[in-house]
Amino acid sequence: MLSVIRNNPRIRQLLSLMLMVLLPAFLLLAVALLMLTYHSTAKMVDDNINHQLQETGSLLQGRLDSYLSGLDSLLSTTAEQPELAAIIASDDRHAARIQLQNTLNHNHGEYLDLLILTRQGQYWTNMNSPLYILEHRLQTLIADTPFYNKWAGVELTPLPAPLTALIQRYPVLSPDSGQMIGSLFGGLVLNDNLTLLSLLGQDTQNINLQLVLRGKPVGPSLTNSDVSADMFTRALSSQRPRGRVQGHYFSLQPLLINGEQSELQLLLLTDDTLFQQLRQTYGYHSLQALILVLMITLALTLYTLKRLTSPLNGLGRSVGQAGHGHPGSSQAGHIEELKLPGPRLQQADTSRHLHGNILENMMEAVVMFDSAHRLIYANPAYTHITGHRLDEVIGMTLSSVLRITLGDQAWQRPWQRVGVTGYWQGEVASRLKNRRPGHLWLSISALQDRDGETSHYMVVFSDISTLKDSREQPRDTTTPEAAGRPTPLPSPKTGT
């Protein structure tokens, strides 16, 4: 095959053109499939993660509602106690501090950062955490919280940095007059309240939390996975409600306070584990697609080369065998037409006409048999030698057509040789015209199809009876010809 390609510039040119066209086409197809696979996979991952973040945000909102509801219940119960109203009326600050400490020791009370009592509209008792020095801002805090029984966001400006708090105000009523004699303030400072985030983010694996107020982070972040702190800043700077930053997925969701949307938001941020898995999957699919494209291109190239070179190889084998005195095997549809002058169609027609004239005018009889040894063609020389017309013998076997008088066992030997080497020739005894005995010099050739399988048999013979009679030589019964047996072929190894 390689020698045919090297010696035929037209095949080389066609092969180069095929590679130049097929390989880029398949590569473009592979790139398109990879891009489609990547985008579909990425969209599926994005939708899945965004859905998980949305569900997590809803879960955290429910936890925040439950948390604030617990605090609201604790504070309202404290404000409604008659003992607290009596303490405020009697101006007993020591008893008030004890009462407030009992509230802090109660369930949910340990989460309170601010707990203040007022008397007659003025600051009276402060149970704030010692971390918050708010004495100089308490009166402003009281004035900035106008609502009762409703959480409100309040900005405080103590030194050294401002604070943001969620505060609720509860009236303290006198049991005797029913008039308000004081107020109870309770609240959370969000700037360093990691306890709140821990309560919200419990059992949320690979999801990190950050409270956000007016686009800026408030307080510390809760990290449940390996993520750098600047990822929260990058996510906020994108000014998008959801998306992906350096492989990290984020979602910025507003929080409901008192059942209403507030300025407080919750930033959810995942690690890049899923993104890395997506990249690995994409790389694996890319390698698979590249290997598939190369295999398809190689297979098409080999198939095309086989279709191009098999006729030339068969013709080369036939020419080589003919040069060494052996008959060649032909393949239907694969023998190149004679290179005669004129257009291609004219050459083919002239070649077929010439082939027909050769068969019609041959002195030797030419008969063709199918793979089942049934006669399908005979030239005029066959009728001249045997005296039988084609329509009389069509479909018959060779031994019947030639009236061969060899025994069955002897007649099997030529066919065994044809089955091994594809060719046999020798002398056989036959009965010709008027059933007279005669001798034929006969050759049998097996013809192959494109797949190398025997499809037909070509038999060429001539009548040598007259030649044998004119020799007038004594009969030598030791030779195969005299015994009516085929002449053995030379050994393929020794040539003898």
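1. L290 counts as partly exposed, because its relative accessibility is 43%. On this scale, buried means under 20% relative accessible area, exposed means over 50%, and partly exposed lies in between (1.4 Å probe, protein chains only). L290 is found in helix 8, residues 273-323. Together with L27 and L294, L290 makes a nonpolar surface patch of about 250 Å². A patch takes residues with over 30% relative accessible area and no salt bridge, joining like charges within 9 Å and nonpolar side chains (Val, Leu, Ile, Met, Phe, Trp, Tyr) within 5 Å. A salt bridge, in turn, is a side-chain nitrogen of Lys or Arg within 4 Å of a carboxyl oxygen of Asp or Glu. Accessible areas come from the Shrake-Rupley method with a 1.4 Å probe, and for residues only the protein chains shown count as cover.

2. **What you are looking at.** This is a predicted model, in which local features need pLDDT of at least 70 and side-chain atom pairs count only at pLDDT 80 or more, while totals for chains, interfaces and linings use all residues. Residues are numbered from 1 along each chain as its sequence is written, and side-chain values use heavy atoms, with hydrogens and water left out. Helices (H or I, at least four residues) and strands (E, at least two) are DSSP runs, numbered from the N terminus.

3. Please find helix 7, residues 230-237, where M231, F232, A235 and L236 are buried. Seen down the helix axis, these buried residues fall within an arc of 135°, so they line one face of helix 7; the arc is that of the directions from the helix axis to the C-beta atoms. T233 and S237 are exposed on the other side of helix 7. The buried residues pack against strand 6 (207-213), strand 7 (216-222), strand 8 (242-245), strand 9 (248-257) and strand 10 (260-270). Just after helix 7, Q239 takes a positive phi of about 55°.

4. **L209, a residue of strand 6.** L209 lies in strand 6 and counts as buried because its relative accessibility is 0%. Leaving aside neighbours within four places in sequence, L209 has contacts that include F232, L60, S221 and L267; contact means heavy atoms within 4.5 Å. L209 and T270 are 61 residues apart in sequence, and their C-alpha atoms are 9.1 Å apart in space.

5. **G243, a residue of strand 8.** G243 lies in strand 8 and is buried, with a relative accessible area of 17%. Not counting residues up to four places away in sequence, G243 touches H248, Y249 and F250. Along the chain G243 and N50 are 193 residues apart, yet 8.4 Å separates their C-alpha atoms.

6. Strand 11 (residues 365-370) and strand 12 (residues 375-378) pair in the antiparallel sense over three bridges; two strands pair if DSSP finds at least two bridges between them. Across this pairing, F369 stands opposite L375 in strand 12. Four residues lie between strand 11 and strand 12 in the hairpin, and H373 in the turn has a positive phi of about 65°.

7. **Two loop residues to check.** H108 is not a glycine, yet has a positive phi of about 75°. H108 sits in the loop between helix 4 (93-105) and strand 1 (114-119). R214, also not a glycine, has a positive phi of about 55° and is found in the loop between strand 6 and strand 7.
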